[in-house]
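Colleague: I have a model open and want to learn how to read it. Can we go feature by feature?

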Amino acid sequence: MIPFLDLKAQYQSIKNEIDAAVLGVLASGQYILGEEVVRLEQEFADYCNVKHAIAVNTGTSALHLSLLAAGVGPGDEVITVPFTFVATVSAICYTGARPVFVDVEPATLTMDAAQLEAKITSRTKAIIPVHLYGQMADMDAIKAVADHHRIPVIEDACQAHGARYKGARAGSIGSSGCFSFYPGKNLGACGEGGIVVTNSDDHAKTMRMLRDWGQEQRYHHLLKGFNYRMDAIQGAILRMKLRHLEDWTEARRMHGRRYTSLLAGAGHLKTPVEAAERRHVYHVYAIRSRDRDALQRVLTAEGIQSGLHYPIPVHLQKAHADLGYQLGDFPVSEAAAREVLSLPIYPEMPAWHVDQVAATLEYAYVS
């Protein structure tokens with residue numbers, strides 16, 4: 001079997017480091033926030049070239065707190081894309097604001113900045129581009145519209161640890177950037193975790209209070225906050241893993257290039273496009289085919305795992321039917337949802353697994 005993802009392989013490659021990190025926390029008796037989380041925040045802020053990082057319990061919480069720090073609340077509108085994991089939209093709903101969608105670009109499947117202007121109203125309080133699959137959206141174009149209207153941009157970088165846009169790290173261009181440390185992410189915890197990065201002193205202070213019951217100091221609650229704290233074991237594990245992130249990223253990029261080269265002659269498939277002046281970190285390697293479901297059945301029969309990211313765009317999910325969107329409203333997102341197929345990719349993946357997956361896809365089409 002060729003797995004879609006092998007977290008055991010990563011653990012075995014750095015087992016001694018992870019075990020030592022966990023045991024160090026257990027010996028310290030400091031299990032929530034604490035020194036390990038503070039150091040992670042400092043090191044991740046340095047990695048992203050920003051002033052502040054605020055560690056939280058999930059990427060969804062990171063998005064929620066970023067929106068609250070930007071002043072988003074009931075009656076407001078936040079513009080994002082429908083082709084994303086549902087958490088992007090859920091975080092908007094948590095604030096009481098209304099999600100407003102624009103479609104994605106056909107090539108990158110990231111926010112189509114040309115559609116933004118038409119969706120901005122007096123109620124628009126934030127824009128959330130999603131750096132889907134590990135590639136950043138067109139931030140210059142998005143920021144040009146947002147800055148003209150003085151609207152903050154919050155980067156959903158939950159799939160884009162280490163991605164770059166014209167040299168700038170994901171998360172460093174908007175008013176804040178939000179990351180998930182879910183185990184399968186490019187930088188994943190051994191459990192749940194997330195982080196917000198920002199250059200705003202005020203936003204950082206607000207989010208630090210909001211994640212810990214709105215406290216400025218113990219039992220002094222200035223805000224109505226949440227229990228969004230990161231636990232120290234995850235902080236210690238992530239600190240250790242962060243040291244390996246660049247090597248893991250280059251391994252993902254190598255696998256991505258290999259897939260693209262091997263599948264170049266398969267005319268029935270579209271391989272991912274790495275846009276100019278962007279560094280794609282291949283959290284997901286998603287091909288596109290009108291025969292997607294048939295191809296997935298062939299892969300499954302050959303013992304090759306694959307994924308669908310995402311088969312139903314958010315505007316067509318029953319949970320968000322109240323937004324009033326219909327089939328046909330966002331044709332690029334809807335086409336992508338029918339066609340994308342995510343292939344196995346992870347840093348420790350043997351090169352011959354890439355070759356086998358590509359050969360199986362080519363054979364499936366020929367036969």
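Colleague: Where is the place of D201?

Modeller: D201 sits in helix 8, residues 201-211. Helices here are DSSP runs of H or I with at least four residues, strands are E runs of at least two, and both are numbered from the N terminus. This is a predicted model, where local features need pLDDT of at least 70, side-chain atom pairs count only at pLDDT 80 or more, and totals for chains, interfaces and linings use all residues. Residues are numbered from 1 along each chain as its sequence is written, and side-chain values use heavy atoms, with hydrogens and water left out.

Colleague: Does D201 count as buried, partly exposed or exposed, and what does D201 touch?

Modeller: Start with the cut-offs. Buried means under 20% relative accessible area, exposed means over 50%, and partly exposed lies in between (1.4 Å probe, protein chains only). D201 has 43% relative accessibility, so it counts as partly exposed. Contact means heavy atoms within 4.5 Å. Not counting residues up to four places away in sequence, D201 touches K51 and H52. For scale, D201 and V89 are 112 residues apart in sequence and 26 Å apart in space, C-alpha to C-alpha.

Colleague: V89 is in helix 5. How many residues of helix 5 are buried?

Modeller: 6 of its 8 residues are buried, so helix 5 is largely enclosed by the rest of the structure. The buried ones are A87, T88, V89, S90, A91 and I92. They pack against helix 4, strand 2 (77-80), strand 3 and strand 5. After helix 5 comes G96, with a positive phi near 90 degrees.

Colleague: How do I describe the packing of two helices?

Modeller: Two packed helices are described by the angle between their axes and the distance between the axes. The axes are lines fitted to C-alpha atoms, for helices over the stretch in contact, and angles run from 0 to 180 degrees between N-to-C directions. Take helix 4 (residues 59-69) and helix 5 (residues 87-94): the angle is about 40 degrees and the axes are 9 Å apart. The two are therefore oblique to each other. On this scale, under 35 degrees is roughly parallel, over 145 roughly antiparallel, 65 to 115 roughly perpendicular, and the rest oblique.

Colleague: Which residues make the contact between helix 4 and helix 5?

Modeller: Helix 4 supplies T60, L63, H64 and L67, and helix 5 supplies A87, T88, A91, I92 and Y94. They divide into 6 nonpolar, 3 polar and no charged. The classes: Ala, Val, Leu, Ile, Met, Phe, Trp, Tyr, Cys and Pro are nonpolar, Asp, Glu, Lys and Arg are charged, and the others, Gly among them, are polar.

Colleague: At what angle do helix 2 and helix 9 cross?

Modeller: Roughly 150 degrees, with axes that come within 9 Å. From helix 2, the contact uses E17, I18, A21, V22, V25 and L26; from helix 9, A232, I233, A236, I237, M240 and K241.

Colleague: How many residues of helix 9 are buried?

Modeller: 10 of 11, so helix 9 is largely enclosed by the rest of the structure. Its cover includes helix 1 (7-13), helix 2 (15-28), helix 3 and helix 10 (245-262).

Colleague: Which members of the largest nonpolar core touch the most other members?

Modeller: First, a nonpolar core is a set of buried Ala, Val, Leu, Ile, Met, Phe, Trp, Tyr and Cys residues joined through side-chain atoms within 4.5 Å. The largest has 61 residues, and F44, F83 and I127 touch the most other members. Helix 3 gives the most to this core, with 6 residues. Beyond its neighbours within four places in sequence, F83 is in contact with residues including H309, Y310 and A336.

Colleague: Where does R150 lie, and what is its phi?

Modeller: R150 is in the loop between helix 7 and strand 5 (154-156). Its phi is positive, about 55 degrees, although R150 is not a glycine. R150 is exposed, at 79% relative accessible area. K166 also is not a glycine and has a positive phi, about 50 degrees. K166 lies between strand 6 (164-165) and strand 7 (168-169), in the loop. With a relative accessible area of 46%, K166 is partly exposed.
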